[in-house]
Amino acid sequence: MMGEVEDYVKGKVDAYEIFYEKSEVMSVSLQGNNPDNVSEGISEGLGVRVVLGKKIGLASTLNLSRFKECCDTAIKIAKLNNPDHHFVKFQEKGKYSEVKENKELASFGFEEIKKYLEDLRSEVKDADKKTKIASANYTRALGECRIKNSEGVDVEWQTAFNSRYCELVQGKNALGFTDEAVVPLVPKKVAEEVKRFLLMRKKKKVGSGMMEVVMHPEAFADLLASSFHFAVDAENVFLKKSVFWDKVGQKVFDEKLSIVDDALLEGGVRSRKCDDEGAPSRKTVLVEHGKLKGFLYDSYYGHLESKGSTGNSMRSVASSPSIGPSNLIVGQGDRSTEEVLSSVKKGLYVKRMMGLHTVDSASGDFSLAVAEGQLLEKGEVKEGVKGTMIAGNLYELLKSVELGKERMYGGDGHYIPHVLTRMRVIGA
Amino acid sequence: MHAVLEYALEKGVGYAEVKSVAGERTTIEVLDREVKELSSNTSQLFSVRVLYKGGEGIAFSSKKEGKDLVEKALAAARSFRKGVKLPVLKAFQKKIKTKCEVHPKDISLEEKKKDVLRLDVRDNFKRVNSCRMLYTESVKNVLFENSEGTSVEWDDVVSGIMVQAFAKEGIKSENFYDVDRGHKGYEILEGAREKMQETMRMAEALLSAKHPIGGVFPVVADQRLGGVFAHEAVGHGCEADLVLQNNSLLKNKIGKKIGADGLTLIDDGTREGVYGWVPVDDEGVEGQKTVLIDCGVLKSFLHSRETAAKMNAVPTGNGRAESLAYPAIPRMRCTYINEGDASFEEMLSGVKEGYYLKGTTGGEVNPATGEFLFNAQYGFKVEKGDLAEMVKAVSLQGSILKILPQIVLFGKDLKFSHGTCGKNGQGVPVSDGAPHMLLEKAQVGGQG
């Protein structure tokens, strides 16, 4: 297939790139104890980028038999596009480190999902008879990608991923949690979630003022995703929209903070041998002991800034590549999570916020409702809080932090410890 | 399509529906006077949904593999029995065509590119250092046919323009954006230049705005913020799947008074052309206007066919899906609060110390607890009935049943805006609207 497309487009343009992606999704949702939606599907597509002089054209199709039309459209678009003077060339060939591909999910089907959901139900029941599952979903996605371009890149890889969502209810209380992995999920952590849910049923009000706040790795990951990702994206740096654009080499955070992007992390949810343009995966230091060290590049900005791609290009067949982190790893502190929590005399422990898409990604300003938080009193994690908001600026508050020793999976490829910082808390 | 349906019936299914969506999408993105993306995507997706001995299965594919899809949907239905029933509906045949003043196909891509490039009017705005425009158009043919005899064909066009401006002064930087979308044609670009000018003016104005001081205050909300309020605070809690999951605070509230006398809230699928127009939903149910709250009393929930069957209700035409790759679940369409008769001045005059909040960058709700949060784009402090300094990054939070009775005044200036609503990983087009409203007490968050 790819060969045919290449043969067709080759002589007609100065440079080309063909991206193929196939994905197979299986998804089962529960409503209460009953299966609700059961679906299975497959989609296959082709994205073609061509260059004429400095003019780029992109076209895609989900109808593979019409690949010629897709190539012709890409050429037509390139012809009438304006030249892109920043474009240098497509990604060049590189050496790929082998990343262990997990095959377990390939044979994971409806029967396995059924078993999982049954186990989930009985785990919840065993943990507490009154707690019910409001809704749950299990999704398994398998993918196959291949990229071929005029710089000689020809690489293919497979992806496997599954995720679960579950929401527990009891009376007017609800608690949701998610999990994702590259290997089949097991419901074993559910008992812990139920325990936390029961503790949090009692709700208290907090006062207002500057307070010490310990962020659970999931909450910290959410905050990083809503602004730090923007700040280390080479495009935003180039356009001077990032708060970091002129800060390389400077101290930007507490010296306890180190952050790296590592697509080669063993067993990492976002680990892969190359990115979506075929650039080899690598480890990129972003922040080291509080000092800003570098940014994330795709091939466009990597070439433009003569830095080379860091392997952080992401795309679908229908879109131009954009920049995004792979596995984002925050270095550990030297005190245990328990020690960090118990150091707080009066404060908040936050696991989930509401309204994350309202964070100002450019400035890092946020003002969010606490969807799931608990009081911290004299070093103890206590009742849940209600009607509470937290507000601040991500870049200001990361200038002084304490970090826990244990690193956890915070979702979306983040591997991070608990973090203690100070921010404004507004109680009802 | 008909052959696929017949094949499914031969296999003994109780109900089957077959859908196909074929479309072409064009994207023009301009960043700082350079074309950042010019692309064309054609897509096609086919899906089959079957009910078989109480089990339900959906299969979809980008390949036209009719019989295979029936087999896959059947396999899914056999794996999970759930006792599903769907209400029997009267069959109908319908052909719908989205009205366009100018069909996007009649304008060349070259011309479109030039028109989008022309929207960058930053010369009059010295502190604007970057701006972005995103034009999208999608021309689709949607086919639906089910075993009850209903068949629908919709020739649809959806157009959209997003404008965003970044302003910078010293170390301060701010951005502002505006969006227009709808089931309409190229006429979407009319007035886009003015929209861009206003967006640039706002980005510059925000440079001198202050962070508000958080606390509990009276708040006047503009139409956009009021619309998000209608959607987040009430609409989600009325979605019948959440009610069935014991996941909505409004569960046992039908017939009960939950808001002020002046509060009437509607979810309407029949507003032709607006984003969130649903003449026929994704399960083949005809669009309608559903009154959710009438003079403060909760009247109805929003149903898919399945939730209607479970709750012994009539489907309301709210079964919607992001694409054929997703199941249809209860979703809002155009959700709005009806007008009252208060003037804006009347609302302000009652506020000794509070805020007038405008626009929105979005919101979220937990329907089970009723807690919500939404952000205004900006606003003004109100001191003794007068507008004072400008504020930014303001959020409102509260819980549904407490805040509804707090809305005491409704203006006579209903306006609509549009957005994408996310639920269970699916985004669907929606609109929302409200008049200006006065909330006696609301919790405002800010860093000041």
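# A guided tour of chain A

Begin by selecting A:Leu368 together with A:Ile390; A:Leu368 stands opposite A:Ile390 in β18(A). Please note that the model on the screen is predicted.

Now select β18(A) itself, residues 389-393, which is mostly covered, with five of its five residues buried. Display the side chains to see which way each residue points: A:Met389, A:Ala391 and A:Asn393 point one way from the strand, whereas A:Ile390 and A:Gly392 point the other way. Residues of both groups are buried.

β22(A) and β18(A) pair in the antiparallel sense over three bridges. To locate the pairing, select A:Met389 and look for its bridge partner in β22(A), which is A:Ile426.

**The open sheet**

Move on to the six strands of chain A that form an open sheet, in the order β11-β10-β9-β14-β21-β20. The pairing in this sheet is mixed. Which strands stand at the edges? Select β11 (291-292) and β20 (408-411) of chain A: each has a single partner strand, so one side of each is left without a neighbour in the sheet.

A:Val287 has A:Leu292 of β11(A) as its bridge partner.

Now select helix α5, residues 217-231 of chain A, which packs on the sheet. The helix touches β14 (328-330), β20 and β21 (414-416) of chain A, and its direction makes about 45° with that of β20(A).

**The two domains**

Finally, colour chain A by its domain assignment, which gives domain 1 (2-190) and domain 2 (202-428). The C-alpha centres of these domains of chain A lie 24 Å apart. Where they meet, 29 residues of domain 1 of chain A are in contact with 23 residues of domain 2 of chain A.

On the side of domain 1 that touches domain 2, the elements giving two or more residues are β1 (15-31), β2 (34-52), β3 (55-61), β4 (132-149), β5 (154-170) and β6 (173-181) of chain A. Select β6(A) here, as this strand gives the most to that side, with four residues.

Note on methods: Residues numbered from 1 in each chain as written. Chains lettered and ligands numbered in written order. Predicted model: local features only at pLDDT ≥ 70, side-chain atom pairs only at ≥ 80, totals over all residues. Domains from an automatic or database assignment. Contact = placed C-beta atoms within 7 Å. Pairing = 2+ DSSP bridges. Axes fitted to C-alpha atoms, helices over the stretch in contact; angles between N-to-C directions. Buried ≥ 20, exposed ≤ 12 C-beta atoms within 10 Å, placed from the backbone.
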